[in-house]
Amino acid sequence: MEIIDEAKNIVLIGLMGSGKSSIGRTIAKRLGRRFIDTDRYIERKAGKTIAEIFNLEGEVKFRSFEREVIKKISQYVGIVIATGGGAIKDPENFKCLKESGWIIALYASPATLYKRISGKRIRPLLLEEEDPVKKLEEIFNERKSMYAQADFQVDTENKEIDQIADEVISLLNVGSKIG
Ligand code: S3P
C-alpha cells in the first residue's frame with residue numbers, strides 16, 4: 001500500500017536524458033497525480049519551443065521563464081514535477097521545489113544520456129558542440145553539488161522506465177515512514 005504523503009510534490013531533477021519526463025509521467029499515472037513538465041509548461045505559455053526561446057530570446061530569458069514557472073507550480077500540492085536539467089542551478093528554484101516536496105535526482109553516464117537524447121528534441125546547450133558527451137560531463141560537473149542535495153539519488157543506467165518508477169515509489173514510501 002502506498003503511504004506517500006499526498007500533500008508533498010514529487011520533483012524529478014537531473015541532466016537532460018536522465019528520464020525526468022518519462023519517469024515522472026509514469027509515477028504520476030501510478031499514483032493518480034497530476035504531472036507537470038516545466039519545459040512543456042513554458043513552451044505552452046510562450047507559444048514557442050525551448051529551442052526557439054533560446055535562439056530568439058536567449059538563455060537568460062529562458063531562465064527567467066523557468067524561475068517564474070517553478071515559483072508558481074511549487075505552490076501546487078500533491079503533483080509530480082519534471083524540471084528542465086538546469087532548473088536547480090538557481091538556488092532559489094531549488095529552495096522552492098524542496099519546500100514543495102521530495103526531490104529525486106536521476107543519474108546516468110554522459111554516454112547513455114547522449115544516446116537517449118540524440119535524434120530527439122533539440123537541446124540548445126548541446127547544439128554545435130563537437131563533443132556533446134564531453135559537454136554533458138562538463139555540465140554535470142558544474143551541477144553535481146546541487147543534484148547531490150536531492151532527498152534521493154537514483155541511478156537509471158540499464159534500467160527500464162517502469163523499474164525506475166517502482167524504485168522511486170518505494171524510496172518515497174520508505175521516506176514517508178521516517179518522515
Ligand atoms: C536544459 C535542459 C533542458 C531544457 C533546456 C536547458 C539544461 O531540459 O530545460 O534546454 O540546462 O540542462 P531537459 O533536461 O528536459 O532536456
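This is a predicted model: local features need pLDDT of at least 70, side-chain atom pairs count only at pLDDT 80 or more; totals for chains, interfaces and linings use all residues.
**Entry 1: S18**

I started with S18, which sits in the loop between strand 1 (9-14) and helix 1 (20-31). Is S18 buried or exposed? I found a relative accessible area of 1%, so S18 is buried, the cut-off being under 20%.

Next I looked up what S18 touches. Leaving out residues up to four places away in sequence, I got I13, I23, L106, L113, R116 and T156. I also checked the polar side of S18: a polar atom of its side chain lies 2.6 Å from the backbone oxygen of L15.

S18 and D90 are 72 residues apart along the chain, and I read 19 Å between their C-alpha atoms.

**Entry 2: S100**

Then I moved to another serine, S100, and found it in helix 5 (residues 91-100). S100 comes out at 9% relative accessibility, so I put it down as buried as well. Which residues does S100 touch, not counting those up to four places away in sequence? My list reads A7, K8, N9, V11 and S74.

**Entry 3: the nonpolar cores**

I wanted to know what the largest nonpolar core is made of. It has 32 residues, and I13, I88, L97 and I103 touch the most other members. Several elements each supply at least two residues of this core: strand 1, helix 2 (38-46), helix 3 (50-57), helix 4 (59-73), helix 5, strand 4 (101-107), helix 6 (110-117) and helix 7 (132-147).

Setting aside residues up to four places away in sequence, I88 touches I13, F94, L97, R143, M146 and Y147. Another core, of 17 residues, lies apart from the largest one; A28, V80, I104 and F152 are among its members.

**Entry 4: the ligand**

Which residues come nearest to the ligand? There are 14 residues around it, and K20, D39, R63, R123 and R143 come nearest. R143 was already in my notes as a contact of I88.

I went on to the polar atoms. An oxygen atom of the ligand lies 2.8 Å from a polar side-chain atom of D39. For R63, I read 2.7 Å between an N or O atom in the side chain and an oxygen atom of the ligand. With G85 it is a polar backbone atom, 2.8 Å from an oxygen atom of the ligand. Last, I checked the ligand's cover: taken alone it exposes 380 Å², and the protein buries 97% of that.

Notes: Residues are numbered from 1 along each chain as its sequence is written. Side-chain values use heavy atoms; hydrogens and water are left out. Helices (H or I, at least four residues) and strands (E, at least two) are DSSP runs, numbered from the N terminus. Buried means under 20% relative accessible area, exposed over 50%, partly exposed in between (1.4 Å probe, protein chains only). Contact means heavy atoms within 4.5 Å. A polar contact is a pair of N or O atoms within 3.5 Å; within protein, one must be able to donate a hydrogen and the other to accept it, and residues adjacent in sequence count only if both atoms are side-chain atoms. A nonpolar core is a set of buried Ala, Val, Leu, Ile, Met, Phe, Trp, Tyr and Cys residues joined through side-chain atoms within 4.5 Å. A residue is near a molecule or strand if one of its heavy atoms lies within 4 Å of it. Accessible areas come from the Shrake-Rupley method with a 1.4 Å probe; for residues, only the protein chains shown count as cover.
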